[in-house]
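Please examine the sequence and the structure below before reading on.

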Amino acid sequence: MKILIMKFRNIGDVLLTSPMASALATLPDKPDVTFLVKKGTEEMLTGHPDIHSVLTLPEKKNGEKKIAFLLRQLAFIKTIRSQHFDISINTTEGDRGLILGWLSGAKHRIGYLKKQEKWWRKQLVTEPYTERQGKFHTVLRNLDLIHNLITPTDIRVSFHFTAQDKQAVIEKLKQAGWDGKQPLIHVHPVSRWFFKCWRDDYMAQTIDYLQNELNYCVVLTCAPDTREITKLTNIISQCQTSPLNLGGQLTLKQTGALSTLACCFFGVDSAPMHMAAAVNTPVIALFGPSGVFDWGPWPNGWMQMDENPYPAQNGIQQSGMHTTIQQIRECTPCGKDGCQGSKRSDCLETLSTETIKQILIKYHKTHRT
C-alpha cells in the first residue's frame, strides 16, 4: 500500500504530522508513506525511518515565464501519478491538497469537508472528514484522519538529524565560548510572528537570571531572517551577562540537534519549541494569542486519542516534562495577530518576569538538585 500525505503549512505544522507516519508503520503490512509539503519545510520530516520520501511543491523561479512554470507543474503531477498511490490524505482545509489528491489518481482520498460544502469539492474526496469539535491538539486532529486505518497507542512527534549536524553545533558552541561542561539552556525568544513574542527587556532579564542565579549557560537562536536577528540583537544589548549567540547560524536540523545538547528549552510558541519537545528536551514555553490546547509542546508517549494533554483554556499547564505559561484572561487565547490587529499582544507583554522565574526555579530544583 502506498500513501500520500499532504501538509501545506509552516514548519511546526509539518513536524506535527510525523506521528501519522509512525502510526501507519505499525500496520501489519507497513505502507510506503510519502509526504508532500511546501519547499523549506521538508527538513521537519527527512530522515524519519517510517517515511519513504518527502516531496516539495514546485515553486515559481525568479524570471521564470508562466508557461515554463505550468509545464514544470504538469511534469510534477505526472511524477505523482506515476507512483500509483492507493490513498491520499489532505491534512488541511485548503483546495490545493484536495485537487492534488484527486490528480494523484489515488482510489481512496481522505480530506476535510464542511457540512455545507461546495459541490465540486465533494467530488474530490471519497472519504470526507468533518473536524471534531472541542479542544483537541493538532497532533490528535492529524491522527483523526487515519482512524479508519489505525488507532495509535503511543503517540510521538519525532525529529531526525545526523551525527554531523550535532558535531557542527558542538563546534559552533565551543567557538562561541562554551566549555563543554556548563549545562546549557536553549533559549529561542523570537517567532516569525512578533505578536507571539515577549518583551525584549523581560527576556533579557530572564536570560541574566538563568546565567547569574541558576548558573546555566544560555545559548540563543533565531532564524536567519533580518527582522528576527535585529530583535535578538536588541535582547542581547539589554543583557548584563553574555549569552552565547548562534542567531541565524544554524540550519533547522542543527537547531534540533542543539536542543538535544541542552537540559531545557525556554522560549515562545514557535517551531523550535516543537522541535525541542520532539527530541525529548523539557520545554518551558510562553503562549499569548495561540491556544495551548492546539499547539502546546507535544508530550511524547501520550496514549489517549480522546483526551487533550493540555485541557485548560489558559493558565499554567504541565504535560509530561513540558510546561506552558499563558495568562488567565477571558480573551486568551484569541487566535488573533495581536490585540485588535495591532501585532502586539498585551497578554504577553504584561506577563511578569517573577512568574517565569518561579517556573524556572521549580524546573531547576527538580532537575539539577
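Which residue just after α3 takes a positive phi? In this predicted model, that residue is H84, with a phi of about 55 degrees.

Helix α3 covers residues 66-82, which makes 17 residues. From its first C-alpha to its last, α3 reaches 24 Å, close to the 24 Å expected at 1.5 Å a residue. Three residues of α3, namely F69, F76 and I80, are buried. Viewed down the helix axis, the buried residues of α3 fall within an arc of 45 degrees, and therefore they line one face of the helix. Among the elements that cover these buried residues are the strands β1 (2-7), β2 (32-37) and β3 (53-56). On the face turned away from the buried side, α3 carries the exposed residues I67, L71 and K78.

The discussion now moves to the interior. In soluble globular proteins, nonpolar side chains tend to be buried together. Here, the largest nonpolar core has 36 residues, of which I5, L24, F35, I89, L143 and I146 touch the most other members. Elements that give two or more residues to this core include β1, β2, β4 (87-90) and α6 (138-144). The greatest contribution comes from α2, with 4 residues.

I89 illustrates such packing. Leaving aside residues up to four places away in sequence, I89 touches I3, L4, I5, M6, M20, I110, L145 and I146.

Notes: Residues are numbered from 1 along each chain as its sequence is written. This is a predicted model: local features need pLDDT of at least 70, side-chain atom pairs count only at pLDDT 80 or more; totals for chains, interfaces and linings use all residues. Side-chain values use heavy atoms; hydrogens and water are left out. The expected span of a helix is 1.5 Å times one less than its number of residues. Buried means under 20% relative accessible area, exposed over 50%, partly exposed in between (1.4 Å probe, protein chains only). The arc is that of the directions from the helix axis to the C-beta atoms. Contact means heavy atoms within 4.5 Å. A nonpolar core is a set of buried Ala, Val, Leu, Ile, Met, Phe, Trp, Tyr and Cys residues joined through side-chain atoms within 4.5 Å.
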